[in-house]
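Please look over the model shown here before reading the points that follow.

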Amino acid sequence: MQERILEAFVEEVHENGLKFTMDDLAKRLAISKRTLYENFSSKTLILETLIERTNDDMIRKTEQIIQNSELSLLEKIKQSIRVMPLYYKFYDLRILDQMKKYYPEQWKKVHADLNDWSPIRTLIQEGIREGIIVNKNEALIMKLIIDSVNLTLDQRFFLDNSVTVEEATYSIVDILLFGLVEKQK
């Protein structure tokens with residue numbers, strides 16, 4: 001039931017923003033408010049659970065990639081940057097702006113999660129040491145990676161241009177790692 005509630009919460013947020021009520025959510029789920037409150041005592045708790053599960057999912061997926069001894073370092077970097085969170089549709093600029101306004105504590109957590117990619121930083125450092133990644137300013141490299149991938153938070157752009165968030169993430173990673181120039185023959 002909790003998964004259904006989380007999914008319905010994301011749907012409700014996408015349709016109506018964060019200004020909906022628990023009544024609205026119960027109606028969407030076709031359950032009583034009592035059932036809803038038996039699973040989550042507040043809308044804030046649902047939001048916090050969603051943030052926590054999304055972050056935990058990304059950490060778990062990234063760790064699986066990093067621990068995979070069959071992958072090269074470059075493949076680990078590539079796949080780690082491409083990790084899509086469980087509830088990636090929830091992370092949208094419009095929603096984050098509303099969260100910042102109405103749920104500032106939860107926004108701080110999401111903002112920190114979106115800007116702290118220490119496992120990828122470690123892979124980049126290793127790549128620089130091994131000569132796989134250019135020896136440029138590491139902070140700048142990380143800023144480029146983080147900001148580029150966080151462009152996918154502008155989901156309206158991708159919808160308007162008929163590109164899925166996953167396709168965009170793959171293209172962004174390929175451009176970051178391999179550049180814009182076609183291989184010369």
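This is a predicted model: local features need pLDDT of at least 70, side-chain atom pairs count only at pLDDT 80 or more; totals for chains, interfaces and linings use all residues.

1. Residues are numbered from 1 along each chain as its sequence is written, and side-chain values use heavy atoms, with hydrogens and water left out.

2. The largest pocket holds about 560 Å³ of space. A pocket here is an open set of points on a 1 Å grid over the protein atoms alone, where a 1.4 Å probe fits, with protein on both sides within 12 Å along at least five of seven lines; lining residues have an atom within 4 Å of a point. A volume is the space filled by probe spheres set on the points.

3. Of the 29 residues lining the largest pocket, Asn55, Met58, Asp113, Leu114 and Trp117 are the closest to its centre. H4 (43-67) is among the helices that give two or more residues to this lining, and H4 gives the largest share, six residues. Helices are DSSP runs (H or I, at least four residues) numbered from the N terminus. The lining divides into 17 nonpolar, nine polar and three charged residues; Ala, Val, Leu, Ile, Met, Phe, Trp, Tyr, Cys and Pro count as nonpolar, Asp, Glu, Lys and Arg as charged, and the others, Gly among them, as polar.

4. The second largest pocket has a volume of about 400 Å³. Its lining has 16 residues, with His14, Asp92, Gln155, Arg156 and Leu159 nearest the centre. H10 gives the most, four residues. By class, this lining has seven nonpolar, four polar and five charged residues.

5. H5 (residues 73-81) and H8 (residues 118-129) pack at about 155°, with axes 10 Å apart. Axes are lines fitted to C-alpha atoms over the stretch in contact, and angles run from 0 to 180 degrees between N-to-C directions. The pair is therefore roughly antiparallel (angles over 145 degrees). In the contact (heavy atoms within 4.5 Å), Leu73, Lys76, Ile77, Ser80 and Ile81 of H5 meet Ile120, Leu123, Ile124, Glu126 and Gly127 of H8.

6. H6 and H7 pack at about 135°, with axes 6 Å apart. The H6 side of the contact includes Leu96 and Met99, and the H7 side includes Trp107 and Leu114.

Methods
Angles under 35 degrees count as roughly parallel, over 145 as roughly antiparallel, 65 to 115 as roughly perpendicular and the rest as oblique.
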